[in-house]
Amino acid sequence: DIYTHGFMLIGIYFLYQLFGEEGNKWKNSVLAGLFIGLSFMSKGPISFYGLLLPFLISYALVFKFKGFKQHKKRLPLLLMVLLAATVGLWWFLYVRLADPAAFLAITKKETANWSSYNIRPFYYYWSFFAQSGLWTIPAFVSLLYPYLKNRVAHKKTYRLTFWWTILSLVLLSLVPEKKARYLVPVLIPLALNTGIYLKYIIAHFKTTLTPKEKIPIYFHFGLIGAIGIVFPVLGYFMLDGKIGPFLFYYITSSLALVAIGILLFVHLKKQRLFHCFILSVLLIAAIKSLALPLVGAVEKNPDYHTISDLRDTMAQEGIHTYTFGEIAPEMIWDYGSPIPVLKQDDQIIIPDGELFAILVVPAEEDEFKRIFDLDHSYALKAIYDLNPNADPNSKKHKDRLVCNLYIVQKQ
């Protein structure tokens, strides 16, 4: 997802320049077409629907595409469309010609998933601003359009990012299939929208903001400062006596976060909002670089079993390995190479040879036994579990990261 949306964001940047500037028309059209095409090649039309379409509608609402005739931008725009189509479609066209059956099967399955897989209600995404994490409160306030529309310095830009965020949210909500990570196209314009609000409060906090307007700001930065100050205590109890091997990270992260927390309160009292903003970014950096290794001390899944050594082990024994059903991509990555699949949709293949190994996902266990009970004997050799922290009795344990390895012999 990050490739398709990352490329599209760059493409939209140059498209915005093409729309709004008189100069560099051809440069902006070529770069916009290139990156929009790369976005399509990464994951098809996903980012076109979730990011580009709401941007174009928002731009039309706010700027109305003024200046196209006088600035002669139609030919550069046509070049951009042709370049984006060329870059984006060549791989799909090649696969369609080289392996049409597989292409059509994959396309049919993916489009069917949009309406039949992981279905969630229309309002599933509507707490989207909470996905901003540390910036949840500023993100929420930045969406209060009646409050901000006449206060911010760049009113049209704010209207653009606001409607871009809302339209992206609405379009994604219309698709029955929903997952938390699909919110990335919403968070991109939301980040821009939040930045406009932060710029407004930094510029006007000491002068024009009323005491009521300052409440969410004090709460936001005060909460971040409090998190930094209480981190050593929370970290100690969360580590539950396992600090020993992680003492360096515990001490350095505690010192850094406490110092940042204290400085946040100092600058907040002096109403230096820009300093508070920078310290918030430093707090995130300190957590990522110093506190994150402490995760290694958290209770791990006692049944964790990597599949990385299976390929070499089976090769040494001269045994071919197959899968029954589709195993998780994490399993294949850990295994180190593609694994032949014996069951795809309704088709089942019985391997040649007297002895072979089969990885079976839990959901296919009964079907596997039904097929191989007739002419084969089988024995469970190992259970591979790639859940790093959640044990099998935990609600966070994912069956898709589990595979049972059977050694199968023809009778």
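On a 1 Å grid over the protein atoms alone, a pocket is an open set of points where a 1.4 Å probe fits, with protein on both sides within 12 Å along at least five of seven lines. This is a predicted model, in which local features need pLDDT of at least 70, side-chain atom pairs count only at pLDDT 80 or more, and totals for chains, interfaces and linings use all residues. Residues are numbered from 1 along each chain as its sequence is written, and side-chain values use heavy atoms, with hydrogens and water left out.

**View A. The second largest pocket holds about 310 Å³ of space.** That volume is the space filled by probe spheres set on the grid points, which are joined across faces, edges and corners. Helices α10 (211-239) and α12 (273-291) are the elements that give two or more residues to the lining; helices here are DSSP runs (H or I, at least four residues), numbered from the N terminus. With six residues, α10 gives the largest share. The lining divides into eleven nonpolar residues, one polar and no charged (Ala, Val, Leu, Ile, Met, Phe, Trp, Tyr, Cys and Pro count as nonpolar, Asp, Glu, Lys and Arg as charged, and the others, Gly among them, as polar).

**View B. Here α10 packs with α12 at an angle of about 35 degrees, their axes 11 Å apart.** Axes are lines fitted to C-alpha atoms, for helices over the stretch in contact, and angles run from 0 to 180 degrees between N-to-C directions. The crossing is left-handed (the near helix is turned anticlockwise from the far one by less than a right angle; clockwise would be right-handed). Look for F221 and F231 among the α10 residues that meet α12, whose partners include F277 and A291; contact means heavy atoms within 4.5 Å.

**View C. Helix α2 (residues 25-43) meets helix α4 (residues 74-98), their axes coming within 7 Å and crossing at roughly 25 degrees.** The two are therefore roughly parallel (angles under 35 degrees; over 145 is roughly antiparallel). Their crossing is right-handed. Contact residues include W26 and F40 in α2 and W90 and W91 in α4.

**View D. Helix α1 (residues 2-20) also comes within 7 Å of α2, axis to axis, crossing at roughly 160 degrees.** The pair is therefore roughly antiparallel, and α1 passes α2 in a left-handed crossing. Among the contact residues are F7 and F14 of α1 and F35 of α2.

Notes: Parallel < 35°, antiparallel > 145°, perpendicular 65-115°, else oblique. 1 Å grid on protein atoms, 1.4 Å probe; cavity = no way out; pocket = protein on both sides within 12 Å on 5 of 7 lines; lining within 4 Å.
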